[in-house]
Amino acid sequence: MTDRADIEPTQPTGWRRLSYTYHCGWVDWGHALPDGALGLLNKLKGQTADNGLLNSVDVTLNGKPAFVIGYGQEMGALGVRVSSRRHWVIQKGLSQAELESVGLAIYLSASFDFEKLQGTFPFSLVSGGSSFSTEDLVSNVIGFYSAARAISQDRMRRLCGEVPVDESYRIWDEHTPDGFSGYQNRTTAPTLFPTQYVPAGAENPVFPSALSSIKPARQGETWARLKGRFLDPGFVNGRVPIEVLPDGSVRVRNGNARPSRVTP
């Protein structure tokens, strides 16, 4: 969880982890880094997993050839690790635009899973009550677009309309003096507060259109999240031909439905 001290620029770079922005509300620029989303997009574009066995799985989704990847978000502290990692099934041969739509859908699904986990015991001991903190999901969206559109963080800060340090402090002290714990946000829309700073050329604090141009693909059409989180290792090790249904259940090709089993 971020706190007031994260508003202060680090030395000597002047980088701020937390800042208020005119269009995007509070942004955690650590969450907004593109690394995680870039790794996901590279898996989708390469149609490959980070596990060689998964690459050999013979799988279809809605009757079309598909592939399996592992992806999730995680954090750890005090010997406790929170992870939303699971297996995802994606149709092969998708266009660049379709892959971006699938990527955003998977990224957001994993983000929601992760935030839910942070609010449950014992993971809440690590997260400190930051589940669905007001800046979390919005910052994740920014990170995804940074990766998908190759937008640098400096440019992204300008796009969001980052306010000066003193104004971020004022908004924190006036509206969230006890931190963000009382401002949960379960959507990707920013929580906006009154600001005395208006970026040049801006009229209304509207979320940038450049950060909403990709529409998440619908679950069950070109991608699916498995019901059991992970594929049954028997399917993987035995190279059993399988079909994944739109609801995420798994069955042997031309066989009866069989839900995938959770693995360690």
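**View 1. Asn 140 and its neighbours.** Leaving aside residues up to four places away in sequence, Asn 140 touches His 31, Gln 73, Tyr 107 and Ser 111; a touch, or contact, means heavy atoms within 4.5 Å. You'll find Asn 140 in helix α5, residues 136-148. Helices here are DSSP runs of H or I with at least four residues, strands are E runs with at least two, and both are numbered from the N terminus. Is Asn 140 buried or exposed? Asn 140 counts as buried because its relative accessibility is 6%. The cut-offs are under 20% relative accessible area for buried, over 50% for exposed, and in between for partly exposed, using a 1.4 Å probe and protein chains only. This is a predicted model, where local features need pLDDT of at least 70 and side-chain atom pairs count only at pLDDT 80 or more, while totals for chains, interfaces and linings use all residues. Residues are numbered from 1 along each chain as its sequence is written, and side-chain values use heavy atoms, with hydrogens and water left out.

**View 2. Gly 36 in helix α1.** Gly 36 lies in α1, which covers residues 35-46. With 37% relative accessibility, Gly 36 is partly exposed. Not counting residues up to four places away in sequence, Gly 36 touches Tyr 71 and Tyr 107. Tyr 107 is also one of the residues touched by Asn 140. Now look across to Ala 147: Gly 36 is 111 residues from Ala 147 in sequence, yet their C-alpha atoms are 8.6 Å apart in space.

**View 3. Helix α7 against two strands.** Which residues of α7 (residues 165-175) are buried? They are Glu 167, Ser 168, Tyr 169, Ile 171, Trp 172 and His 175. These buried residues pack against β1 (18-21) and β2 (25-28).

**View 4. Aromatic rings meeting.** The model has ten aromatic pairs, counting rings of Phe, Tyr and Trp (its six-membered ring) with centres within 6.5 Å; planes under 30 degrees apart are stacked, over 60 edge-to-face, and the rest tilted. Take Trp 26 and Trp 172: their ring centres are 5.9 Å apart and their planes stand at 90°, so this pair is edge-to-face. Because Trp 26 is in strand β2 and Trp 172 in helix α7, the pair ties together parts that are 146 residues apart in sequence. Trp 26 is buried at 2% relative accessible area, and Trp 172 is buried at 4% relative accessibility. Another edge-to-face pair is Phe 144 with Tyr 145, whose ring centres are 6.2 Å apart and whose planes are at 80°. Phe 144 is buried at 0%, and so is Tyr 145 at 1%. Tyr 20, Trp 26, Trp 172, Phe 180, Tyr 183 and Phe 193 make up one aromatic cluster.

**View 5. Arg 86 over Trp 88.** The charged end of Arg 86 sits over the ring of Trp 88, 5.8 Å from the ring centre. That wording needs NZ of Lys or CZ of Arg within 6 Å of the ring centre and within 35 degrees of the ring normal.

**View 6. Residues 259-264, to be read with care.** Here pLDDT stays under 50, and the model has 18 contacts beyond four places in sequence for this stretch. pLDDT is the predictor's confidence in each residue, from 0 to 100. Over the chain, pLDDT averages 88, with 89% of the residues scoring at least 70.
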